[in-house]
Amino acid sequence: MAMYTVYAISSEVRNYIYVGLTSNLEDRLHRHNLGYERTTKPYRPFRLIYKEQFETRLEARNHEKYLKGASGKRFLRENFL
């Protein structure tokens, strides 16, 4: 059974946090840091600051939406930066 991971990465050179969802975290981080993802390419390199696994995609998507909002970003900045 596939697990889904909600993750947050922080740019090492700019004030930027990206939140995403994946079933293969290692590959996804690799793609972000190589510049394959258009939305994050200008902000690389990145470091992983947060990850949490979920059994269903729906649970993961709901948590991802929270982290992308203002209170979620505040939570990440206050606890992981």
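Tutor: Let us begin with a term: contact means that heavy atoms lie within 4.5 Å. Please bear in mind throughout that this is a predicted model.

Student: Which residues does Tyr 50 touch, leaving aside those up to four places away in sequence?

Tutor: With those sequence neighbours not counted, Tyr 50 touches Val 6, Tyr 7, Ala 8, His 63, Leu 67, Phe 75, Leu 76 and Phe 80.

Student: Is Tyr 50 buried or exposed?

Tutor: The term buried applies under 20% relative accessible area. Tyr 50 has a relative accessible area of 9%, so this residue is buried.

Student: How should I read a nonpolar core, and which residues make up the largest one?

Tutor: The largest one here has eleven residues: Val 6, Ala 8, Ile 17, Val 19, Leu 21, Ile 49, Tyr 50, Phe 54, Ala 60, Leu 67 and Leu 76. Two or more of these residues come from each of strand E1 (4-11), strand E2 (17-22), strand E3 (46-54) and helix H2 (57-68). There is also a second, separate core of seven residues, including Tyr 7, Ile 9, Leu 25 and Leu 29.

Student: What describes a pair of aromatic rings?

Tutor: Such a pair is described by the distance of the centres and the angle of the planes. In this model the count comes to six aromatic pairs. One of them joins Tyr 50 and Phe 75, with ring centres 6.1 Å apart and planes at 85 degrees. Planes over 60 degrees apart count as edge-to-face, so the pair of Tyr 50 and Phe 75 is edge-to-face.

Student: Why does the pair of Tyr 50 and Phe 75 tie together parts that are apart in sequence?

Tutor: Tyr 50 lies in strand E3, whereas Phe 75 lies in helix H3 (residues 70-80), so the pair links parts that are 25 residues apart in sequence. Phe 75 counts as partly exposed, at 26% relative accessibility. Phe 75 also forms an edge-to-face pair with Phe 80, at 5.6 Å centre to centre and with 75 degrees between the planes. Phe 80 is partly exposed as well, with a relative accessible area of 29%. Elsewhere, Tyr 16, Tyr 43 and Phe 46 form one aromatic cluster.

Student: When can charged side chains pair, and how many salt bridges does the structure hold?

Tutor: Side chains of opposite charge can pair when their charged atoms come close. The structure holds four salt bridges. In one of them, Arg 61 pairs with Glu 64, the closest N and O atoms being 2.7 Å apart. Both residues lie in helix H2, three residues apart, which is about one turn of the helix. Arg 61 counts as partly exposed at 31% relative accessibility, whereas Glu 64 is buried at 7%.

Student: Which residues do salt bridges with shared partners join into one network?

Tutor: The network consists of Arg 28, Arg 31 and Glu 37. Glu 37 meets Arg 28 at 3.0 Å, N to O, and meets Arg 31 at 2.8 Å, N to O. Arg 28 and Glu 37 are both buried, Glu 37 having 14% relative accessibility. Arg 31, by contrast, is partly exposed, with a relative accessible area of 32%.

Notes:
Residues are numbered from 1 along each chain as its sequence is written. This is a predicted model: local features need pLDDT of at least 70, side-chain atom pairs count only at pLDDT 80 or more; totals for chains, interfaces and linings use all residues. Side-chain values use heavy atoms; hydrogens and water are left out. A nonpolar core is a set of buried Ala, Val, Leu, Ile, Met, Phe, Trp, Tyr and Cys residues joined through side-chain atoms within 4.5 Å. Buried means under 20% relative accessible area, exposed over 50%, partly exposed in between (1.4 Å probe, protein chains only). Helices (H or I, at least four residues) and strands (E, at least two) are DSSP runs, numbered from the N terminus. Rings of Phe, Tyr and Trp (its six-membered ring) pair if their centres lie within 6.5 Å; planes under 30 degrees apart count as stacked, over 60 as edge-to-face and the rest as tilted. A salt bridge is a side-chain nitrogen of Lys or Arg within 4 Å of a carboxyl oxygen of Asp or Glu.
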